[in-house]
Amino acid sequence: MITVTDLRKVYRQGKKEVVALDGVSLSVPKGSIHGIIGHSGAGKSTLVRCLTLLDRPTSGSVNIDGTELSSVRDSEIRAARRRIGMVFQHANLMDSRTAAGNVAHPLELVKTPKDTVRTKVAELLKLVGLEGFENAYPSQLSGGQRQRVGIARALASDPDVLLCDEPTSALDPATTDEILDLIQDLTRRLQLTVLIITHEMHVVKRVCGSVSLLAKGRVVEAGELADVAAELDSKLARALLPLPASEPIKGALQAGPVLEILFSGESAKEPVLTSVARHFDIDLNVLAGSVETLGGQQFGHLRVQLADHADYDAVLGYLRDRGISAKLADAADRSDESDFASDTADFAVETGDSK
Ligand SMILES: Nc1ncnc2c1ncn2[C@@H]1O[C@H](COP(=O)(O)OP(=O)(O)OP(=O)(O)O)[C@@H](O)[C@H]1O
Ligand SMILES: [Mg+2]
């Protein structure tokens, strides 16, 4: 379990102070994966450095399975760091060492007996699906295979926590999913506590149970995936369930009101739109839609245009009575949607950050 409480990191640049982390709190239970998403400059790397003790926080606390990192003495930092496995964007392997040699490295650093190293390395390479690749050099491996070696190396010291900094940003979509599935599988099997830093919403959708949106050093939204996705106006929901830009249809439903509707859980399975049409005896058109399973729950985000004579207030009331989030779409909802992250595109929700 990782618990971060009111973490602050202020850098000094001459007379200027840069507040990189401005009171960050989060907690990740054992056996689960938490995503940290945010634009460049949001403070993601600073958070990683504070968690790995490469940097000392200005104030606040980081607690890993009951050990308070801020009170770890300099002489104990190495041991504390071994409880945290790091996975990097570019695997960061040593080119002059084989796959086995790379995985063995952290074990050799703490003078592990040779026989133990050999057995452990074989086990780890098997665990990440690289049996038979012991003697391959990084240059002979694909990007995905290199990342598997990086993961095996991160696990060599039997860490409790896996910190993944953009682990799939350098990989193609299919390999990304293989690596994400491996991380998820290892999280379950080894009961790891995992933090994934990413700018890709796809990563959050695929493996994270919970997520924090970081902007200007603060957590601006956070929660279980299914909870944040259910908030019609949240930035995370709009990034998780993006709607493409759409123009109101100029036809039979000319100039009718446009609604945004968010279905979740049970309501996502109900034929709500047809029941609206029947109940109010109106026609309606779906302008854009996005359907996903998030955190094990089904979600649907729709932009719907009603016939021009429709009483949209009554329709909104009808939907809300059925536990469905709905609102009148304003002009901004319709025009700036191209800004929102598509499945594999960069996370691009406006957080007020400098890009
Ligand atoms: N050593 C440092 N000295 C001064 N300012 C720093 C230092 N490290 C980071 N910062 C500042 O802290 C803020 C957060 O930086 P950080 O590197 O954590 O962002 P990030 O979210 O990792 O961005 P990116 O996605 O581009 O990697 C930025 O304004 C940055 O300029
Ligand atoms: Mg960074």
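This note reviews the salt bridges and the domain contact of a predicted model.

1. Basis of the note. The model is predicted, so local features need pLDDT of at least 70 and side-chain atom pairs count only at pLDDT 80 or more, whereas totals for chains, interfaces and linings use all residues. Residues are numbered from 1 along each chain as its sequence is written, chains are lettered from A and ligands numbered from 1 in the order in which they are written, and side-chain values use heavy atoms, with hydrogens and water left out.

2. Salt bridges. The structure holds 19 salt bridges (a side-chain nitrogen of Lys or Arg within 4 Å of a carboxyl oxygen of Asp or Glu). One of them joins Glu17 to Arg12, at 2.6 Å from N to O. Glu17 is partly exposed at 45% relative accessibility, while Arg12 is exposed at 60% (buried means under 20% relative accessible area, exposed over 50%, partly exposed in between, with a 1.4 Å probe and protein chains only). Arg8, Asp22 and Arg218 are linked in a network of salt bridges.

3. Links to helix α6. Arg148 and Glu178 form a salt bridge, their closest N and O atoms being 3.6 Å apart. Arg148 lies in helix α5 (residues 143-155) and Glu178 in helix α6 (residues 173-190), so the pair ties together parts that are 30 residues apart in sequence (helices are DSSP runs of H or I, at least four residues, numbered from the N terminus). Arg148 is buried at 15%, and Glu178 is partly exposed at 45%. A salt bridge also joins Arg206 to Asp177, at 3.2 Å from N to O. This pair links helix α7 (residues 201-207), which holds Arg206, with helix α6, which holds Asp177, 29 residues apart. Arg206 is partly exposed at 35%, whereas Asp177 is buried at 18%.

4. Domains. The domain assignment gives domain 1 (2-229) and domain 2 (243-339); such bounds come from an automatic or database assignment. The centres of the two domains, taken over C-alpha atoms, are separated by 40 Å.

5. Domain interface. About 480 Å² is buried between domain 1 and domain 2, with carbon and sulfur atoms giving 68% (buried area is the accessible area, for a 1.4 Å probe, that two parts lose on being put together, summed over both). Lys205, Ala226 and Ala229 supply 84% of the area that domain 1 buries against domain 2, more than any other three residues. Across this interface the rule finds one salt bridge. Glu292 forms a salt bridge with Lys205, with the closest N and O atoms 3.0 Å apart.

Terms used:
Helix = DSSP H or I, 4+ residues; strand = E, 2+ residues; numbered from the N terminus.
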